[in-house]
Each structure stands twice: as C-alpha cells, then as structure tokens.
Amino acid sequence: MSKIEINNLTVDYTEKKNRFTALKNVSFSIEDGEFVSVIGSSGCGKSTLLSILEGINTPTAGEILINGEPIRGTGTDRGVVFQHYSLFPWMTARKNVAFGIKQVNKDASRTERLKIADEFLEKVGLEGFKNKYPSQLSGGMQQRVAIARALAMDTDILLMDEPFGAIDAKNRTILQELLLELWEGDGTGARKTVVFVTHDIDEAILLSDKIVMMTANPGQVYSEIKVPFDRPRNRAELVQTQEYNQFRNKLLAMFYSDIVSKIGGDEVVL
Amino acid sequence: MTFKKRYLRLVHLLFIVLLLIQLLPDKLSGDTYAQYVVWFAVGVEILTLIVSSFIKKPIGLTLFVDIVSFIYGLLIAWTLATAKFNLLKPALFPPPGRVFWQLIGDYEKIITNIFSSVGIILQGYLLAAAAAIILGLLLGSSERLGNVATYISKFLGAIPPIVYIPYGIALLPTFRSVSVFVIFLATFWPVLAGTMSGVMNVDKKTIDSAKVLNVGKITMLFSVILPASLEMIGAQSGLGYYIKNYSDLGDYTRTLVGLIVIGIVIVVISFVFNKIQKYLLRWKH
C-alpha cells in the first residue's frame, strides 16, 4: 500500500457562472518516505491538488487515501508550509513553532514545547531570532520559521506549496539545501513523505525522488519521472555532471512541448 | 540633548509673561485670586523643569513643552479677557484664579468624584468590552449572523446613550447602576460592530494557516481570530468613542472646574489605553 494514493481526482470551480475544471482525473501515488515534486506552469492545478491534500478544499469527484484511509479535512498527520509566510504575526518565532507543536502534541508541557521549538529554530539557524516577531524577520527567515514549525510538529507527511516561490534567488538556494539536509538527515532515521509543489525545474530535480509533471486546462498529470541521482545530493557537484544536464534538458523539453502544444505551436517564441 | 535644546524654550518665556500680567490692575470687581494662578503656574513650571532635565527623547520633551505652552497661552488669554480687561460676562467666564480657588476648596469632593467616575467607567466599559468581544467573535464566525448583526449593532449604536437614561432610572435600583448601564450601552454596540467586522475581515490565509495546524474551535476563536482582529476592535470601536461619551455624560456640574477635571481624567485614561493598545499590538512593526 502506498502512503498517499490519489485516485481520479477531479475539481470543478464555478466562478461568475463560468465553470472550469482545475483538475481532471488526476491519479498517482506516493510511497512512504518519498520526496515527490509536483511541477507545472501556473493554472495546472498543482496548488489545488495540494489544498485537497491539506484538507482545506474538497474534490468534486475522486478521493485521496492516506494509509488507505480517505482524507476528511485537515489532520495531525500532515504538516504544511505555504508560499505566503503563514506565521501568526502576533506570536514570536518561538511561540509560532510552539503553537504548532501544541496542536499535535497536547500532552507536552509548555516548557517541553518551548524546548522543542528552540531545538528546531536552531536547526534552521535562527537561534538568535527566536523572540522576534514575524514583522521583524525577512521573508527568508519567516519561511525558515515555517519550516521549523512544520518539522517540529513531526508529522508523517510534509506538504509544501511553493515554499520558496517568494524568496530571492540566493536565499532560495540556501533554503533548498537546508531542507534537503534536514529531510535526508544522517541517513539512518525514517524520512518524511514530502509533497512539494514548485514551478522551478532545478529545485524539483535537486530535491525529489520523483517528479510529477502536470499540464493545464484542465489540470492533468502529463508524466511521472523518477529522478535518477543518488543521495545525499550535493548541488555544486550535481549540476556539473553531464547526467544532470541531460536529465534537465529532457524535463525542459517535456515542460515546453506541453506549453507549445497547448497554445498552438509555431508562433510561440521561447 | 544640548543645554540649549533642553532649557532654552519658548515655554519659559510664556511662564514669565503669565506671571507679569498678574501685576496689571484688575478691571473686574471682587477678588480674582491671582495668587492661585501664580501658584499653579509655578507648580507647572517646576514640573516642566524636572521633566526637561530627565526626559531622554527630544520628541517627548517637545510634546510636553508644547502642551505646557498651550496651557500657559490659554491662562494668559483667559486672565487678560476676564480679570484684567473684563471683556466677557463674569457669570459665564470666571477668571482663572477663582476657578483654581474653587478647585482647591472642593478638592475632597472632586477626588471622591474622580474615583467613583473612573470606577463607573471601568466597570461599564470592561463589562461591555468582554460581552461584546465574546458575542462578536461568535456572531462574526457565521457570515449570515455576522451580516445581520452588523446592521443591527450599527442601528442601535447610532442611538445616543443619553436616551437610555430614563429607562435605566425606571428599571435599575441605583443611580450608580444606571451610570454603569449607560456606559455599558455606549460601549457595547461599537465594540460589537468592531469585533464582528474584525472577525469577518481576517485574512483567509491566516485562517488556512491555522486550519492546517489542526486547531480546535476554541483555539481558533481566541488564539487566532481574536488577535488577528484585535486592531480592528481597538481602532473601529470602543476607546475613543467611549471617552467622548463620558464627556457628554460627565458634564454634570457644568462648571469650568468640572470641565478641567474631566479633561485631565480623559487625557489620563486615553493615555493609559493608548499604552495598552500599543502593548497588545506590539507585533506590528
């Protein structure tokens, strides 16, 4: 049994009498401990798909099973990192993380929660900023706190919706490497199952075991591609190899052939 | 701050002018109690010098001396218009010395009044704020109830609280409870409207962030929606509004003494509320 099974998921929206299909018959599965990126141009329904996984949206048809059980609303088995910095502005970094822990671990005392929060803030390199409010932190730092919160909640599954989409290129690279490091761990412990939505091909290759490419209008799965690189991965070494470039070009070709066929071919200059 | 910035200010010149004009002959008949004005001014001046020596922020000092300058300016104009040139009807506009004399003569009564008024205000306000915030959170969570309740609270809030006084007197046992009741109503509707509009305008992203953390209903209401709408509750409703109302209601003696005392009480209360509000919203830049 797969950890997550997505079966014939269809989502229709009605907006001002216009009905449109965000997702149509989307099916794929994710194994336990697998890092899966969902990639596609905007409007391909990747964020809609994730919102159903999160449990804040419901499908028109089809279902998602986690450990064989259909999803009913949000759950303590899933931690979420959004693109928008989803911290509560009235809580300090530390309180934000501790608040997340409290929701999944009701038994932990306040002191224990704060201790775990400090531990995870240290892991994301923010030990000196734990008493700052989100408005006093940069976007990259806020996202570090959000990641620390999601990891500290210690859920089986981590859902990430373009978490680095609003972060400048340099910090994005740093955060990708941080996430990779934290997820891979020392290689001995069990890894979390991650569903990571992005539109950045390099990001998807670096992080994932499998890439699910989606196409728009309506949102459908175009292809599922295994990423053939060993872990632990090192970006600097990886990007210099020929295999990496070949693989990347293959993905790019798929990505753009889809776009070209959708908008009608020759006139499109890429 | 330099010595010049600290001590060489217009306010001290105004102080000297205020003292000098007391030396002009009175045109108004009867005792004008000029010595009370002098004592008051000397007291204020000493306070100003103390504040000038200890305050750290230049902006704070400027604000303080500007307020003192305004008080001196007002006293100069008031003294000249009444005691010295007798331009106004003395029955309506007594000279400042007489007001200070009365203030000192009545001080016990005034202090008792301040305490009982502040007690009434706090009791009425806190009861209303607690009730309105809880009700507002509950009603605002439902779009349908929130919408209808917003209109109703705006309608009822538009009724001047003084209108309720006869009902209060008829229904409640003591005048004190009537006062609390009127303050309660004056505060309740605007705080309710502010809370509901705050709750209904909380960013959907904030709600989603909380939902994916699996927060329970009560936590959502009090730990997420309440702080997220706190700014709206403070800004749109209560504090300023109720202070204004208090001055409507509190003007019972219709004397300048009463007005000055009430003015000071209002300034102090609004200062305290400002500090509380700043503390609660400290996470905003």
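A:Ile66 sits in strand 4 (residues 61–66) of chain A; helices (H or I, at least four residues) and strands (E, at least two) are DSSP runs, numbered from the N terminus. This is a predicted model, where local features need pLDDT of at least 70, side-chain atom pairs count only at pLDDT 80 or more, and totals for chains, interfaces and linings use all residues. Residues are numbered from 1 along each chain as its sequence is written, while chains are lettered from A and ligands numbered from 1 in the order in which they are written.

**Around A:Ile66**
- A:Ile66 counts as buried because it has 20 C-beta neighbours inside 10 Å (buried means 20 or more other C-beta atoms within 10 Å, exposed 12 or fewer, partly exposed in between, with C-beta atoms placed from the backbone).
- Neighbours within four places in sequence aside, A:Ile66 is in contact with A:Lys3, A:Ile4, A:Ile71 and A:Asp77 (contact means C-beta atoms, placed from the backbone, within 7 Å).
- A:Ile30 is 36 residues away from A:Ile66 in sequence, with 9.6 Å between their C-alphas.

**Helix 1 of chain A**
- Helix 1 (residues 46–54) of chain A has 9 of its 9 residues buried, so it is largely enclosed by the rest of the structure.
- Among those buried residues are A:Lys46 and A:Glu54.
- Just past helix 1 of chain A, A:Gly55 adopts a positive phi of about 95°.

**Where A meets B**
- Chain A puts 17 residues into the contact and chain B puts in 13 residues.
- On the side of chain A that touches chain B, helix 2 (residues 93–104) of chain A gives the most, with 3 residues.

Key
Contact = placed C-beta atoms within 7 Å.
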